[in-house]
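Me: I want to go through this structure and ask, term by term, what each label rests on. Please keep the answers to the values and the cut-offs.

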There are 6 protein chains.
Amino acid sequence: MGNKADLRGTAIGRFQPFHNGHLVLIKQILEDCSEALIVVGSAQLNYTMANPFTAGERVFMIHKALKDGGFDLSKILIIPLVDEENNAKWFSALASMLPPFNILYSGNHLVISLASQHLEVRPPRFERRKEFNGSYIRNRILNGQKWSDLVSRSVFEIINIIDGVNRVKTLAKYELERTKLYGS
Amino acid sequence: MGNKADLRGTAIGRFQPFHNGHLVLIKQILEDCSEALIVVGSAQLNYTMANPFTAGERVFMIHKALKDGGFDLSKILIIPLVDEENNAKWFSALASMLPPFNILYSGNHLVISLASQHLEVRPPRFERRKEFNGSYIRNRILNGQKWSDLVSRSVFEIINIIDGVNRVKTLAKYELERTKLYGS
Amino acid sequence: MGNKADLRGTAIGRFQPFHNGHLVLIKQILEDCSEALIVVGSAQLNYTMANPFTAGERVFMIHKALKDGGFDLSKILIIPLVDEENNAKWFSALASMLPPFNILYSGNHLVISLASQHLEVRPPRFERRKEFNGSYIRNRILNGQKWSDLVSRSVFEIINIIDGVNRVKTLAKYELERTKLYGS
Amino acid sequence: MGNKADLRGTAIGRFQPFHNGHLVLIKQILEDCSEALIVVGSAQLNYTMANPFTAGERVFMIHKALKDGGFDLSKILIIPLVDEENNAKWFSALASMLPPFNILYSGNHLVISLASQHLEVRPPRFERRKEFNGSYIRNRILNGQKWSDLVSRSVFEIINIIDGVNRVKTLAKYELERTKLYGS
Amino acid sequence: MGNKADLRGTAIGRFQPFHNGHLVLIKQILEDCSEALIVVGSAQLNYTMANPFTAGERVFMIHKALKDGGFDLSKILIIPLVDEENNAKWFSALASMLPPFNILYSGNHLVISLASQHLEVRPPRFERRKEFNGSYIRNRILNGQKWSDLVSRSVFEIINIIDGVNRVKTLAKYELERTKLYGS
Amino acid sequence: MGNKADLRGTAIGRFQPFHNGHLVLIKQILEDCSEALIVVGSAQLNYTMANPFTAGERVFMIHKALKDGGFDLSKILIIPLVDEENNAKWFSALASMLPPFNILYSGNHLVISLASQHLEVRPPRFERRKEFNGSYIRNRILNGQKWSDLVSRSVFEIINIIDGVNRVKTLAKYELERTKLYGS
């Protein structure tokens with residue numbers, strides 16, 4: 001692989017929310033590479049059940065979790081990215097928003113399909129995938145179950161500061177009523 | 001609340017179609033406020049099962065129903081609004097298309113979440129919510145059940161003039177065949 | 001032309017701002033037709049020198065000017081319309097946002113080209129075209145010259161209420177600095 | 001119908017992939033008309049289960065299948081078309097991308113609704129609709145069942161050249177994991 | 001370069017209109033390659049001075065000019081392409097709409113910049129560049145000067161059939177009046 | 001102003017390229033606030049004369065310049081932002097991509113107009129505005145004049161690594177030929 005100092009590694013996620021599994025991934029990237037690029041996907045989505053938090057709130061969580069977690073932030077960039085419907089354009093859309101990078105860390109079959117012709121795609125080291133999982137955590141938030149041990153203390157605090165628990169519950173009510181943005 | 005003459009109240013709906021429950025809501029707004037702004041949401045959608053009528057057809061129905069219903073149209077504006085995928089931008093998208101307004105009438109949890117930081121959101125007075133309901137009415141149209149008593153006479157006539165009953169039935173066939181816009 | 005009661009006539013403009021020439025046009029339409037549809041074009045543009053006012057502010061001006069001018073608002077609809085880059089799609093974009101209409105009033109060569117295959121396009125009766133002109137009025141606002149006699153008293157008041165004179169002057173400074181949204 | 005030499009007929013499909021039923025349709029058009037326009041719909045979609053192939057790959061398949069099938073390609077145009085969310089604009093979107101045409105061949109209820117006010121829509125002659133069906137073929141590809149007899153030899157070869165069988169299987173895995181473009 | 005039968009060559013233009021210089025270019029491609037892909041750029045633009053003709057009309061002109069010019073149309077594809085504002089995404093946008101290709105023929109500095117990292121860009125053989133030039137021809141059409149010798153007879157005929165000369169003159173008047181789509 | 005530790009300050013620019021004047025601004029923000037948010041505007045634009053560098057390249061320059069300049073990167077976020085045509089939606093578009101912030105640093109009249117109703121807009125401390133200016137620097141790059149003293153050493157190096165000087169010259173040639181993306 002050559003000199004670690006020559007490599008930039010990229011992780012992509014929606015980070016709804018940023019959890020302990022993501023922390024493990026960032027650590028993996030910084031072991032392999034000199035810099036980590038964290039891409040906050042579906043950046044245009046927010047206030048939906050699957051995407052309750054704005055891109056800015058997600059950037060906020062990631063930044064504070066890494067800072068409080070003792071990460072060297074001079075080696076990390078956090079970049080929001082809006083979706084691109086034409087998948088064949090997705091990789092160049094991604095590349096246009098990032099410094100040059102060498103490795104993409106992803107176990108996502110679509111990401112692998114779209115990116116592996118351009119650069120190395122390396123499988124992420126995930127732990128406790130069942131619990132360290134955005135959908136699982138959002139459901140625990142919704143159901144009033146304990147979720148604080150699945151995310152950094154900083155993420156927990158930010159979600160409380162922005163009243164995120166109530167937001168998730170409100171969005172669930174909204175989607176249950178199946179009324180879209182407007183009533184009928 | 002001060003002088004009613006100083007207030008403008010906004011109602012938002014898809015109005016697929018405009019029904020008697022909506023009429024009750026417009027009355028409520030005009031009791032509270034000097035002017036009512038009626039926003040026709042998802043204005044870009046039409047010729048789908050959930051959104052059979054164009055924004056223009058919906059404006060037509062609302063205008064005629066209110067006119068024939070004896071409303072004072074000098075106090076009412078009817079404004080189409082296209083969707084905004086980024087919910088955090090939705091309120092400013094709405095505000096950019098309307099005169100200044102003071103109260104939003106909505107029981108929709110998402111609308112309340114997005115708007116209540118900007119202005120007062122007041123619960124609408126709804127009646128017979130099960131029947132005065134767009135989805136319920138579209139289903140009755142589809143199934144050949146009586147629906148004329150759920151909407152204004154003007155709405156009933158317009159839907160007939162534009163051959164709306166057949167349109168709803170055709171769209172149902174189309175979506176049943178699950179062929180999207182194109183066959184496969 | 002048949003029965004006036006059967007006709008709906010449409011006027012299209014950017015209304016930056018709504019001025020006395022536009023009032024003449026609305027009168028013309030209501031002489032010919034039973035209803036007038038007023039389309040506020042380039043609805044997505046605002047806070048630029050050529051388009052200083054939001055669509056909502058323009059709707060506000062038009063509505064108040066017609067109301068104070070004694071027009072019968074039960075015969076008038078005011079509809080914002082966003083631009084469509086593909087001109088060959090423009091007419092159907094327009095039609096999808098309006099009740100059915102019979103005559104388009106326009107002296108604009110492009111509008112005539114795009115619409116005359118679909119319906120009658122009738123030349124507007126314009127007066128004092130040099131002064132009753134949006135660009136001319138915006139320039140007078142900018143240069144501190146008298147412009148109150150070129151618009152309805154209601155339009156004048158609304159522009160003052162929203163601090164529109166300073167907005168026009170600020171936008172002029174901005175565009176002079178040619179710095180786009182961001183500095184360089 | 002007049003002189004066949006004066007007519008252009010249009011077929012619309014997503015062609016995921018182009019199969020023997022489509023071949024029958026093109027033959028039908030060329031029996032009726034002097035030229036056939038083949039519109040590759042949802043051109044912006046690719047690398048999804050329902051739309052595994054890019055518009056360019058679909059153009060490639062159609063062109064080669066017709067060439068190898070002995071069709072006169074001087075009478076055929078193959079045109080990609082991106083989706084238009086506002087159905088009321090769809091027909092003019094289509095027309096803006098094609099030479100003038102006289103007949104649309106479609107059994108799709110929505111296409112018929114949207115196009116029949118503009119021109120003749122003629123029902124396609126389909127054979128073996130259960131097997132000559134995109135969804136059916138994609139499922140056979142996915143499940144490792146024989147599908148080579150449902151498409152032209154050229155289509156079969158191209159799908160193999162672009163490693164399309166593995167692509168379909170990968171996309172199925174991806175959608176099963178329901179992880180959208182990004183993991184969670 | 002290997003076997004000509006293995007190569008596909010692409011030409012990109014706006015073709016407003018398709019002229020004799022373009023014919024020379026298609027000949028060059030078919031001398032070098034087994035197939036030519038002709039991309040009709042800015043496909044979403046029409047009814048402007050710089051882009052008077054719709055993509056469909058341009059496809060029509062190209063197809064008829066090549067057919068009447070004795071070209072083997074089984075070796076040629078004509079594909080409309082809408083613009084992509086993010087230039088870094090442009091090449092993948094192009095590639096997603098075309099069969100695989102090996103050489104891009106362009107003297108355009110931006111196209112060369114964007115494409116040469118992906119494949120060979122070969123300079124086009126142009127003749128009489130001053131006259132075989134879209135802008136020059138549009139100006140001659142506008143000014144009533146002879147232009148029939150600069151385009152194929154088929155192109156000349158199509159422009160007359162669609163009343164293109166009057167369209168160019170009307171659009172010039174429109175843009176002179178600087179009134180954008182709507183008057184002011 | 002209260003405790004500096006409680007404040008987040010935002011700077012917005014296109015950073016084509018990031019220069020010494022921008023460095024002064026970031027210093028100012030970090031004197032006033034505990035964290036600086038640097039927004040890379042017009043993120044979708046690149047490979048044009050006014051916007052030669054991709055958003056990713058600009059993020060790269062800013063990050064390396066700040067790192068090599070001894071800034072504490074744990075206090076800094078660098079966020080790309082695509083343009084929003086509806087200016088009245090711009091502020092909420094911006095806010096949706098950023099952590100909560102308290103002060104916007106801008107001397108831009110449009111930014112002040114759009115943001116000052118939402119939060120404090122503070123004038124940036126600029127030095128040598130004539131030379132520390134993107135347009136001025138791009139012109140010096142184009143004309144082969146010395147510009148290395150106007151940017152950080154890191155920015156100078158990155159522009160060389162990505163062959164930026166030739167890119168600027170090529171884009172100038174392209175725009176001179178006024179051929180847009182495609183020739184005519």
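Predicted model: local features only at pLDDT ≥ 70, side-chain atom pairs only at ≥ 80, totals over all residues.

Me: What makes strand 1 and strand 2 of chain B a pair?

Reply: Two strands pair if at least two bridges are found between them. Strand 1 (residues 8–13) and strand 2 (residues 35–40) of chain B have six bridges, in the parallel sense. They therefore count as a pair. Among the facing positions, Arg8(B) stands opposite Glu35(B), and Val40(B) is the bridge partner of Gly13(B).

Me: Why are strand 3 and strand 5 of chain B said to stand at the edges?

Reply: The open sheet has five strands in the order 3-2-1-4-5, with parallel pairing. Strand 3 (76–80) and strand 5 (120–122) of chain B each have a single partner strand, so one side of each has no neighbour in the sheet. From one strand to the next, the twist averages 25 degrees. Helix 2 (residues 55–68) of chain B packs on this sheet, touching strand 2 and strand 3. The direction of helix 2 makes about 165 degrees with that of strand 3 of chain B.

Me: Why is strand 2 of chain B called largely enclosed?

Reply: Six of its six residues are buried, so the rest of the structure largely encloses strand 2 of chain B. Both faces are covered. On one side the buried residues are Glu35(B), Leu37(B) and Val39(B); on the other they are Ala36(B), Ile38(B) and Val40(B).

Me: How do you know whether Ile158(B) is buried or exposed?

Reply: The cut-off for buried is 20 or more other C-beta atoms within 10 Å. Ile158(B) has 25 C-beta neighbours inside 10 Å, so it counts as buried. This residue is in helix 6 (residues 153–161) of chain B. Leaving out residues up to four places away in sequence, Ile158(B) touches Phe60(B), Met61(B) and Lys64(B). Arg128(B) is 30 residues from Ile158(B) along the chain, and their C-alpha atoms are separated by 23 Å.

Me: What makes the phi values of Phe15(B) and Ser42(B) worth a remark?

Reply: Most residues other than glycine have a negative phi. Phe15(B) has a positive phi, near 55 degrees, and Ser42(B) has one near 45 degrees. Phe15(B) lies in the loop between strand 1 and helix 1 (20–32) of chain B, while Ser42(B) lies in the loop between strand 2 and helix 2 of that chain. By the cut-off of 20, Phe15(B) is buried with 29 other C-beta atoms within 10 Å, and Ser42(B) is buried with 22.

Me: Which residues are joined by a cis peptide bond in chain E, and which in chain F?

Reply: In chain E the cis bond joins Gln16(E) and Pro17(E), with omega about -5 degrees. In chain F it joins Gln16(F) and Pro17(F), with omega about 0 degrees. Pro17(E) is in the loop between strand 1 (8–13) and helix 1 (20–32) of chain E; Pro17(F) is in the loop between strand 1 (8–13) and helix 1 (20–32) of chain F. Most peptide bonds are trans.

Me: Which residues touch the most other members of the largest nonpolar core?

Reply: That core has 341 residues, and Ile38 of chains A, B, C, D, E and F touches the most other members. Not counting residues up to four places away in sequence, Ile38(D) touches Ala11(D), Ile26(D), Ile62(D), Ile76(D), Leu77(D) and Ile78(D).

Me: Which part of chain F gives the largest share of the side that touches chain A?

Reply: The contact involves 21 residues of chain F and 21 residues of chain A. Helix 2 (55–68), strand 3 (76–80) and helix 3 (87–96) of chain F each give two or more residues to that side. The largest share, six residues, comes from helix 2 of chain F. By class, the side has 14 nonpolar, six polar and one charged residues.

Me: Why is the relation between chain F and chain A that of a two-fold axis?

Reply: A rotation of 180 degrees, with 0.0 Å of shift along its axis, superposes chain F on chain A with an RMSD of 0.0 Å. That is the relation of a two-fold axis. Of the interface residues of chain F, 100% are also interface residues in chain A, so the copies meet through the same surface.

Me: How do you know that chain A and chain C do not touch?

Reply: Contact needs C-beta atoms within 7 Å. No contact joins chain A and chain C, and their closest C-alpha atoms lie 18 Å apart. Chain B and chain E do not touch either, with nearest C-alpha atoms 18 Å apart. Chain D and chain C do meet, through seven residues of each. The side of chain D that touches chain C has three nonpolar, three polar and one charged residues.

Notes. Residues numbered from 1 in each chain as written. Chains lettered and ligands numbered in written order. Contact = placed C-beta atoms within 7 Å. Helix = DSSP H or I, 4+ residues; strand = E, 2+ residues; numbered from the N terminus. Nonpolar A, V, L, I, M, F, W, Y, C, P; charged D, E, K, R; others polar. Core = buried A, V, L, I, M, F, W, Y, C linked by C-beta atoms within 7 Å. Buried ≥ 20, exposed ≤ 12 C-beta atoms within 10 Å, placed from the backbone. Least-squares fit on C-alpha atoms with pLDDT ≥ 70 in both. Axes fitted to C-alpha atoms, helices over the stretch in contact; angles between N-to-C directions.
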